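Student: Let us go through this model piece by piece, and please end each answer on the value or name that I ask for.

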Amino acid sequence: MISSKRLQRQLAALEKITAPGRGINRLAFTDADWQGRSYLMGLMREAGMELREDAFGNVIGHVQGADESLPAVMFGSHGDSVPEGGNFDGIVGILAAIETVRSMREDGFMPKRPLEVVLFLCEESSRFSAATLGSRAMRGELSQEDLVRLHDKEGHTLYEVLKGRGLAPDHIESARYTKPLRAFLELHIEQGKVLEHEGLPIGLVTGIAAPTRFYVHIHGSADHSGATPMNLRHDGLCAAAEVVLAVEREASSYTESPVVGTVGVLEVTPGAMNVIPGEVRLGVDLRSTSGKAKDAVEQAVRQDIASIAEKRQLAYDIEPVSKEEPARMDAALVGLLEDTAKELAFPYRRMMSGAGHDSMHWANYAPTAMIFIPCRAGISHNPAEHAELADIVRGTELLSAAVRKLVSE
């Protein structure tokens, strides 16, 4: 039986594990993240799991099945946060997974096939500008070159950070997960307003949008703001403003499939009121559930950038960060979740996920599906992020019932 009190107590304990500041600050591989990871590993051991860690730091908790030769059922989520984030994004999913295993043991339930509960590292892109890095490492999609290329704002490379945590970046290929899986499941807050707006406690995800991310570096001239006539300026920020609007325009005008475009990073140098902006760095994020649509908008934005730079006689370069493919959830597995929700009398709806998740990297490896629960006002990545305990419990009950079905086959 799922324990609401236990989930509430664990959420409260994790809320206290954060770096100083407003909200939750457990950026990947920081001391706060590592403390949270240690706490979750303790819960996994208490639930009876045998733990192992890979070269990237992902934690996999194994529960033996009656027949260990059968492909396992894997489920879990991530433990890191964005700066000044909330205590439910990722955390609800990993706590639900642990509670699912713990309730099995308390109920005397013996699975026929093994279970693998996974705590992913570095799902958020906040520190290294690339998301779902733990999953990518487990899927063999993270190279040595990536570890050196990706760095945080302080200039620390991902390679150096992994080394500093006693992990094995020189053997990152060993993190690749190669065992067969019967299914992969993840529970997560919606991070949107649909479920709350419709008064529904459960969303069954049918597809996940994927991001393409890149930085645009604009090279202008940092001249004196008073002594330089308007017709002789090479203002990097004016060019950047046009790029921001181009991203909005191209994403909004694409009609074949929905695309969203965001410029979430804008760094201006030298940043003085009496100096024309010279160097400007923009971070561009494009997302869609259609790879074709996302690629089309990316090409349009790149052409706009070239035209803006030519018109303003500015140099620029583009630094790729990541390009991921949208994921389709397994129809049969979504159907199993739907049948289970009906059996539990949980109202639900099928829906797409606009946000990326670890699950997107497993959809081409094993049957994959996601469960969404509402979050208040759709707020996420924010200290005001909140999910009702009753909804967390319902989501965990659905996850638990579905996992029991899968491991009983």
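Student: What is the relative accessibility of glutamate 84, and in which class does that place the residue?
Tutor: This is a predicted model, in which local features need pLDDT of at least 70 and side-chain atom pairs count only at pLDDT 80 or more, while totals for chains, interfaces and linings use all residues. Residues are numbered from 1 along each chain as its sequence is written, and side-chain values use heavy atoms, with hydrogens and water left out. Glutamate 84 lies in the loop between β3 (72–78) and α3 (91–107), where helices (H or I, at least four residues) and strands (E, at least two) are DSSP runs numbered from the N terminus. With buried meaning under 20% relative accessible area, exposed over 50% and partly exposed in between (1.4 Å probe, protein chains only), the value for glutamate 84 is 37%, which means partly exposed.

Student: Is phenylalanine 29 buried or exposed?
Tutor: Phenylalanine 29 also has a positive phi, near 70 degrees, and is found in the loop between α1 (4–15) and α2 (31–46). Its relative accessible area is 3%, so phenylalanine 29 is buried.

Student: How many residues apart in sequence are the parts tied together by the pair of phenylalanine 29 and phenylalanine 56?
Tutor: Rings of Phe, Tyr and Trp (its six-membered ring) pair if their centres lie within 6.5 Å, and planes under 30 degrees apart count as stacked, over 60 as edge-to-face and the rest as tilted; by this rule there are eight aromatic pairs. Phenylalanine 29 and phenylalanine 56 make an edge-to-face pair, 5.4 Å centre to centre with 80 degrees between the planes. Both phenylalanine 29 and phenylalanine 56 are buried. Because phenylalanine 56 lies in the loop between β1 (50–53) and β2 (59–63), and phenylalanine 29 in the loop between α1 and α2, the separation of the parts in sequence is 27 residues.

Student: Which residue pairs with tyrosine 177 in an edge-to-face arrangement?
Tutor: The two rings in question stand 5.9 Å apart, centre to centre, with 75 degrees between the planes. Since tyrosine 177 lies in the loop between α6 (158–164) and β5 (181–189) and its partner in the loop between β12 (348–353) and β13 (368–373), the pair ties together parts that are 185 residues apart in sequence. Both residues are buried, and the partner is tryptophan 362.

Student: Which arginine has its charged end over the ring of tryptophan 362?
Tutor: Tryptophan 362 belongs to one aromatic cluster with Phe120, Tyr177, Phe184 and Tyr365. A charge sits over a ring if NZ of Lys or CZ of Arg is within 6 Å of the ring centre and within 35 degrees of the ring normal. At 5.9 Å from the centre of this ring, the residue is arginine 139.

Student: Which element gives the most residues to the lining of the largest cavity?
Tutor: On a 1 Å grid over the protein atoms alone, a cavity is a set of points where a 1.4 Å probe fits but cannot get out, a pocket is an open set with protein on both sides within 12 Å along at least five of seven lines, and lining residues have an atom within 4 Å of a point. Grid points are joined across faces, edges and corners, and a volume is the space filled by probe spheres set on the points; the count is three cavities of 30 Å³ or more, the largest of about 60 Å³. Its lining includes Arg26, Asp33, Arg37, Phe120 and Cys122, and the elements that give two or more residues are α2 and β4 (115–120). With four residues, the element that gives the most is α2.

Student: How many disulfides are there?
Tutor: Cysteine 122, at 0% relative accessibility, is buried, whereas cysteine 238, at 35%, is partly exposed. With a disulfide taken as a pair of cysteine sulfur atoms within 2.5 Å, the count is zero.

Student: Which element gives the largest share of the lining of the second largest pocket?
Tutor: This pocket has a volume of about 230 Å³, and of its 14 lining residues the closest to the centre are Glu141, Glu324, Glu325, Met360 and His361. The elements that give two or more residues are β10 (315–323) and β11 (327–328). The largest share, three residues, comes from β10.
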